[in-house]
Amino acid sequence: MDQPHTLRTESMVRLTWPIFLQHATGSVVLFVDFVFFSYLGDETAGIVGQVFPVTWLGSFIIPVFAGTGVAVASQFMGAKRMEKVIPTYMMNLLFSVVLGFAVTILMYSQRSKIGFWMGLNDAQNEVSRLYLGCMSFYFIVMSVMVSYNAVLSSRGLTNWIMVVSLISGVSNIVLNAWFVFGLGWGIVGIVGSTIIATTCSMFAGMFLVHGRLKIRFYLQGAFTDMWSVIRPMMRVGIPNVVEPMSYASQQIVLSTFVISMGVQSMASNAFASRLHMPHIVFCYSMASAGQILMAHWMGAGKTDKINRLFWRVLLLSVVAAWVYMIVIWSNAYDIMRIFTDDHDIRTLCKRLFLISLITEPARMVNILSGNSLRSVGDTRYPMVVGLIFIWGILPIIFFIDHNWTLSLVGMWACFAADEFVRAIINLQRWHSGKWKTMSLVEGSNGS
């Protein structure tokens, strides 16, 4: 409790590049996983790609909720309310672990039915059942890992997270090769390597927090102290969870559309989506680093600094996304050889990347503005906007499909329009400046 809590650096660059390398490692691991899945066959990779949104119920929701601890603890530190910091860490860990167990139980108990609900046949559902059954256990260890990473992030120690992530990523790739090529374990080997590597990261994070930082969790008086931080955590945490949960649910519904289009569309959708990850990782890294600084500055009432940082990061993220998609689209046919030699799949992916020239810059605006608004306390607005667009696009897609039979390219075009309009709305909200009066910490000074 006497441990001083400080932000180790206010440099955006020093915060961002370790986060980027951390997320990039995770992106590379996911990319390599799909290369291994494609080694098992285009259909196997396509099936995993379409049931993958089911795993987003955990892999999106739990880390996003853990980000609640970063925002709330950072604002407490910025406002010099140090007695609230450790209770925030403890409550964040409790909530995240409960979510992790809930996702594990739900996914494992329904693993045999989910594929059928999404429209897979008997043989395809067997692949889905095996993948989801193995993957369900991942969320328990992941929930603990992201909670401890949140502690390190709130202190600005993103370089420590980066080192752990790099070691974990390399281990995962090596284990993948051994389990799949050496032992012939297939899907079990690919998922198993991810769980083992994540478990190692979890223990490393616990060592850094308790061993290096000397942060001590406690039992005596813990309930009272943790209860005192519930209000700000729920104010951030509930909106944080609702939007990604809705997005994951939406993607599950849309996967039923893609499955009905056949193996070619399933594989193309899965492969093209994986190639979006690098620039999305870059934007999330910028947004995560910005979230740390914005939350600290909001607690200290430095809203002018927050506003300048937002627009600077926004410009960089949008330009980076557009340039990246230009390169991918221009070289799509050759790049797709990483996954498949099927001419039709590679041609379809190139068409999808053309649409992404509009979609992805707009998506970067929405990622950054949503994270920024939540980090400064304006949590309800991005949640409401997100829900309206996430669920509002589905009737449009159903209508188009019913009247003209929607193709995969048409579906992606609908989402390009969705992201673009949402970006305009989110930018207007930030420009209005209403967020300047919405600090999570009572008594913080505005400017």
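Helix axes are lines fitted to C-alpha atoms over the stretch in contact, and angles run from 0 to 180 degrees between N-to-C directions. Helices are DSSP runs (H or I, at least four residues), numbered from the N terminus.

This is a predicted model, in which local features need pLDDT of at least 70, side-chain atom pairs count only at pLDDT 80 or more, and totals for chains, interfaces and linings use all residues. Residues are numbered from 1 along each chain as its sequence is written, and side-chain values use heavy atoms, without hydrogens and water.

**A helix pair**

Helix 14 and helix 16 pack at about 165°. Their axes lie 9 Å apart. The two helices are therefore roughly antiparallel (angles over 145 degrees count as such).

| Helix | Residues | Some contact residues (heavy atoms within 4.5 Å) |
|---|---|---|
| Helix 14 | residues 303-330 | including Phe310, Trp322 and Trp329 |
| Helix 16 | residues 343-375 | including Lys350, Glu360 and Pro361 |

By class, this contact has 17 nonpolar, 5 polar and 2 charged residues. Ala, Val, Leu, Ile, Met, Phe, Trp, Tyr, Cys and Pro count as nonpolar, Asp, Glu, Lys and Arg as charged, and the others as polar.

**The largest pocket**

A pocket is an open set of points on a 1 Å grid over the protein atoms alone, where a 1.4 Å probe fits, with protein on both sides within 12 Å along at least five of seven lines. The largest pocket holds about 300 Å³ of space (the volume filled by probe spheres set on the points). It has 15 lining residues, meaning those with an atom within 4 Å of a point. Val54, Leu57, Leu106, Ile114 and Ile252 are the closest to its centre. Helix 4 gives the most to the lining, with 5 residues. The lining has 13 nonpolar, 2 polar and no charged residues.

Key
Parallel < 35°, antiparallel > 145°, perpendicular 65-115°, else oblique.
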